[in-house]
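Please read each point against the displayed structure.

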Amino acid sequence: MQGASIWKTGHLIQKDIFAFTPVLSEYVDHEWGSGLIFFSLLKIFGPGSLLLFKIVIAFGAIFFASQAARINGVKWPTILMIAIPCALAVFPGYIPVVRSHTLTYLFFAMMLLYLEKIRQGDGRPAISIIFIMLIWVNVHGGFVSGLGIMAVYALTDLIFRRRSKIMLVALMGAIFATTVSPYGLKFWDCLFKALTLHRASIAEWQTMPIFGQDPYIGFRILFAIVVFVLVFGRKAFKGKISTAQMIVLVITALIAMRHRRHAPFFGLAALAFLGPYLEACAARLRLNITALTAVVLYALIAVIVAIFILPSVTFQVLAPVGFYPVREADILMYSKAEGNLAVPLRWGNYAMWRLYPRIKISMCGRYEAMYPQSTFDMNHDFFYKNGPDWDRMVKLCKVDYIMLELNNTALRPEDLDALGFENIWSSRYSALYARKGLSGALMDTAHNLPPRTIQPLDAHMTDSWRM
């Protein structure tokens, strides 16, 4: 969105233009830089470049965390063994599409490496840390995780009288770098509100379940491995235990348990710090982690991936039906419908991208930066039927169309019938409803839909945007 705005007008969007519901008076976007990166790749190289970019930065995060382990003397076979469960824990951060927080994981891993170098007596990475923060603050609000681990290292160095001056200088420089953005100090005020926002109703911000068949199974496996290795391997570990490393491991585990979307931080921290204890654990069990062992294991994984995963992999960016309201958007697009669309939070960005400027939406994923809490509550209450006044969005705002998510919301077709909306399209996952009087052309379009949808990431979609 911001990337498209910069390409189209040369400046950032200052206020939300995509919604029909009440919005904040000013839009402070802590992800504007990543939006510019993503849209530039899309505009110049096409949709496949976004997938390639995601792969590159994912491997980059794993690489820098591995380098942090390497400078602590961990052997490559051990690192390769640890990387498997760690990668499983990191994986959820990279599905289903490339998002700005993927850059945070890359910078977090780089920060681990450079802080370890400073801890070992090399002060040069302090400049690199400040430079990273200058970029990080403009691509994602997750830069606060970098400040957090820097504070841990600086505090432990201060307590144990190590190279605290360099750590403190790097920390102060990084804090100053966070003010270097298009929004200046105003950025911190908006970010603080976002960081303290209550998000319990959003799945990725919910607590990590102890058991479950979901993308976070990797975190659970890794957590069990880390606990076992630290408990069993510490007795055999003959080196000096790093307090900073242990604190970072504990903190990243706790924040992942509190908010499941933070699981990749724990995966990267474990990859960076667990190696010495795993080697001590293996020595105590009289096991030898050799290069041959790692090669055989990776060859086995490669065969499994080649047989069961690669045949279905494509560099064509997909918008899966069921995960996104693909056919509902097609109907509104082909019929050239105009008006206001009520949409669940997680579908807002997709609908906005596909349908603006003819259609305005009720809510999108940038809710903390664009909308007051009252708008979020109104939209959430409508789709989840919370409270006696759950339908106030329809009463207070002119709603023309509704995209209904059948599997994850409480709102039912009979509720929309009672509110005066007609069903246009239904599937096992979702449905499209229109206010009575608007259904004629939509019905005709629904009955004559092309068998395939459009390219979901077409940079030319923004050509018609009014900014």
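1. In this note, buried denotes under 20% relative accessible area, exposed over 50%, and partly exposed anything in between, with a 1.4 Å probe and protein chains only. Arg-366 counts as buried because its relative accessibility is 19%.

2. The model is predicted: local features need pLDDT of at least 70, side-chain atom pairs count only at pLDDT 80 or more, and totals for chains, interfaces and linings use all residues. Residues are numbered from 1 along each chain as its sequence is written, and side-chain values use heavy atoms, with hydrogens and water left out.

3. Arg-366 lies in the loop between β2 (359-361) and α17 (367-370); helices (H or I, at least four residues) and strands (E, at least two) are DSSP runs, numbered from the N terminus. Beyond its neighbours within four places in sequence, Arg-366 is in contact (heavy atoms within 4.5 Å) with Met-1, Tyr-27, Asp-29, Glu-31, Asn-349 and Tyr-371.

4. Helix α2 covers residues 32-45, 14 residues in total, and reaches 20 Å from its first C-alpha to its last. This is close to the 20 Å expected at 1.5 Å a residue, the expected span being 1.5 Å times one less than the number of residues. Just after α2, Gly-46 takes a positive phi of about 95°.

5. The buried residues of α2 include Trp-32, Phe-38, Phe-39 and Leu-42. The buried residues of this helix pack against α1 (2-9), α3 (48-70), α5 (101-119) and α16 (348-355).

6. Gly-33 belongs to helix α2 and counts as buried because its relative accessibility is 9%. Setting aside neighbours within four places in sequence, Gly-33 is in contact with Asn-138 and Val-139.
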